[in-house]
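The following exercises are to be worked with the sequence and the model side by side. Each task is followed by a solution in steps.

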Amino acid sequence: MLIPRKAFGALTFALCVAGVFIFSNSIVQWSLYVFGSHAPLVPYTTHVVLFQFKDTATSFAVKEITSKFLGLKKSCVHPDTRRPYILSITGGKDTSIEKLNDGLSHAFILRFVSKDDRDYYVQSDPAHQLFKEAAAVVVEKTVVVDFQEGVFTNA
């Protein structure tokens, strides 16, 4: 025998693991070919919000509003599912050296599964409506831009 008995088991095991790995990759490739990707058919909707705070806003007030904004991820609940529907919220203070912010100092980026979720958030969500009322006390100007990821035309 060319291979010692002790090495035969290890070699057999290694070949089995390699075979499973190769076979599983081919299954994934075939399933993608047959069933398509699991990526969403409609791109995520991204909601970008920029704030300029009033000159009279204290650092405590700014911290309070920004914390409340980030808290919307948990407090905004879909009326049908009774679950939070905002995929993610992130944000921060402007650090650009270009000085093109036109007074806007804080940015927030929210991500939604659909335009419908974004529309509910903007128009109807009670938690968001309460936040807007609280923010109006310290926010001078708001700029909002929404987009669907990777979509650059109406066609």
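**Exercise 1.** Determine where His128 is placed, and whether it is buried or exposed.

*Solution.* Step 1: His128 belongs to helix H4; helices (H or I, at least four residues) and strands (E, at least two) are DSSP runs, numbered from the N terminus. Step 2: His128 is classed as buried because its relative accessibility is 7%. Buried means under 20% relative accessible area, exposed over 50%, and partly exposed in between (1.4 Å probe, protein chains only). Step 3: Leaving out residues up to four places away in sequence, His128 touches Leu72, Cys76, Tyr121 and Val122, a contact being heavy atoms within 4.5 Å.

The model is predicted: local features need pLDDT of at least 70 and side-chain atom pairs count only at pLDDT 80 or more, while totals for chains, interfaces and linings use all residues. Residues are numbered from 1 along each chain as its sequence is written, and side-chain values use heavy atoms, with hydrogens and water left out.

**Exercise 2.** Identify the buried residues of H4 and state how they are arranged around the axis.

*Solution.* Step 1: Ala127, His128, Phe131 and Ala135 are the buried residues of H4. Step 2: They lie on the same side of H4, because they cover an arc of only 95 degrees around the axis; the arc is that of the directions from the helix axis to the C-beta atoms. Step 3: An α-helix has 3.6 residues a turn, so residues three or four places apart point the same way. Step 4: Leu130 and Glu133, on the other side of H4, are exposed. Step 5: The packing partners of the buried residues of H4 are E1, H2, H3 and strand E4 (139-148). Step 6: At the start of H4, a side-chain oxygen of Asp125 comes to within 2.9 Å of the backbone nitrogen of Ala127.

**Exercise 3.** Describe the geometry of H2 and the packing of its buried residues.

*Solution.* Step 1: H2 has 17 residues and reaches 24 Å from its first C-alpha to its last, close to the 24 Å expected at 1.5 Å a residue; the expected span is 1.5 Å times one less than the number of residues. Step 2: At Phe69, H2 bends by about 25 degrees, the bend being the angle between axes fitted to the seven residues ending there and the seven starting there. Step 3: Ala61, Val62, Ile65, Thr66, Phe69 and Leu72 are the buried residues of H2, and they pack against E1, E2, E3, H3 and H4. Step 4: Setting aside residues up to four places away in sequence, Phe69 touches Val49, Phe51, Ile89, Phe108, Leu110, Tyr121 and Phe131.

**Exercise 4.** Which side chains make polar contacts with the side chain of Glu149?

*Solution.* Step 1: A polar contact is a pair of N or O atoms within 3.5 Å; within protein, one must be able to donate a hydrogen and the other to accept it, and residues adjacent in sequence count only if both atoms are side-chain atoms. Step 2: The side chain of Thr46 makes such a contact with that of Glu149 at 3.3 Å. Step 3: The side chain of Arg111 also makes one with the side chain of Glu149, at 2.7 Å. Step 4: Thr46 lies in strand E1 and is buried at 6% relative accessibility. Step 5: Arg111, in strand E3, is partly exposed, with a relative accessible area of 28%. Step 6: Although Arg111 and Thr46 are 65 residues apart along the chain, their C-alpha atoms are separated by 4.6 Å.
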